[in-house]
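Biologist: Could you take me through this structure, please?

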Amino acid sequence: METTQATGATGATGATVATGAIGAIEARYGELAESSCCMSCGTAVGLCKPEPGQVCLDLGSGRGTDVLRLAEQVGPNGHAYGIDITEAMLEKARKTAAKLGVANATFLHSELERLDLPDQTVDWVTSNCVLNHAGDKARVWREIARVMKKGGQFVVSDIYAVEPVPAEYRDDPAAIAECWAGAVTKDEYLLHILRAGLIDVRILEESEPYPKGKTRVVSFTISGRKTAANASCF
Ligand SMILES: C[S@@+](CC[C@H](N)C(=O)[O-])C[C@H]1O[C@@H](n2cnc3c(N)ncnc32)[C@H](O)[C@@H]1O
């Protein structure tokens, strides 16, 4: 899938995301692909309960650890997909899967805002510390809803901002790549999820606020699902 700029995207608060954020993200995570440093901000994958034969998707799959865990849980009749925009991360994940002989995991080069999967493909969506990077969060959540099967579930760990992130950081590609300056407030976050038509939305984990620049953010984990009813418009 082509990598395009998620720049100048407008969130519910009217905030825009800095030009060049995608380049800064690819540069930062390209360097981290071979490291072992922790890049997570919650326990999302551990809270997913996929059954054998189901299909899972990890958004921003990084080195692929969570995808490989899901692949094991769903077994040979199921499948786990990881998507990421950083080639070095995809390469690392594919190499690990090959080394371990995992045949039911696929790593795709794809942006959060345009997932390279057909409608109603997955039973579970997970993600860890990724969605804060996205320029157009409303579109990301619409994409999540689109690729979920009816009755599908999501568990996502991410970052929200206690108060709107000041423009001096919001427009800084490096600070966005560091997993905090692209964060939106909790209210805006919930609005995007609900507007995408997802239901039963629950916050499962929430840290104390902690400082970043002149602002404060919270790490949290949120779950929800897509309605199983035929009346759904997806
Ligand atoms: C903080 S790391 C988290 C990696 C992994 N989820 C983990 O917990 O170890 C963020 C990952 O999201 C990817 N990413 C950031 N923005 C993205 C976007 N717009 N589309 C796809 N992947 C993205 C980065 O390349 C990176 O691998």
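Modeller: We shall discuss confidence, then the ligand, then a pair of helices.

Biologist: How confident is the predictor on average?

Modeller: This is a predicted model, and the protein chain averages a pLDDT of 91. A score of at least 70 is reached by 90% of the residues.

Biologist: Where does pLDDT stay under 50?

Modeller: That is the case over residues 1–17. The model has 46 contacts beyond four places in sequence for residues 1–17. Where pLDDT is low, predicted coordinates should not be read in detail.

Biologist: Now the ligand. How many residues surround it?

Modeller: The ligand is surrounded by 21 residues, the closest being Gly-60, Gly-62, Thr-86, Asn-128 and His-133. Helix 1 (21–32) and strand 2 (79–84) are the elements that give two or more residues to this shell.

Biologist: What classes of residue make up the shell around the ligand?

Modeller: The shell has twelve nonpolar, seven polar and two charged residues.

Biologist: And at what angle do helix 5 and helix 8 pack?

Modeller: Helix 5 (residues 137–147) and helix 8 (residues 186–195) pack at about 40°, and their axes are 8 Å apart. Because of that angle, helix 5 is oblique to helix 8. The crossing of helix 5 past helix 8 is right-handed.

Biologist: Which residues meet there?

Modeller: From helix 5, Lys-137, Ala-138 and Trp-141 meet His-192, Ile-193 and Arg-195 of helix 8. By class, this contact has three nonpolar, one polar and two charged residues.

Notes. Residues numbered from 1 in each chain as written. Predicted model: local features only at pLDDT ≥ 70, side-chain atom pairs only at ≥ 80, totals over all residues. Axes fitted to C-alpha atoms, helices over the stretch in contact; angles between N-to-C directions. Helix = DSSP H or I, 4+ residues; strand = E, 2+ residues; numbered from the N terminus. Parallel < 35°, antiparallel > 145°, perpendicular 65-115°, else oblique. Left-handed = near helix turned anticlockwise from the far one by under 90°. Contact = placed C-beta atoms within 7 Å. Nonpolar A, V, L, I, M, F, W, Y, C, P; charged D, E, K, R; others polar. Near = placed C-beta within 6 Å. pLDDT = per-residue confidence, 0-100.
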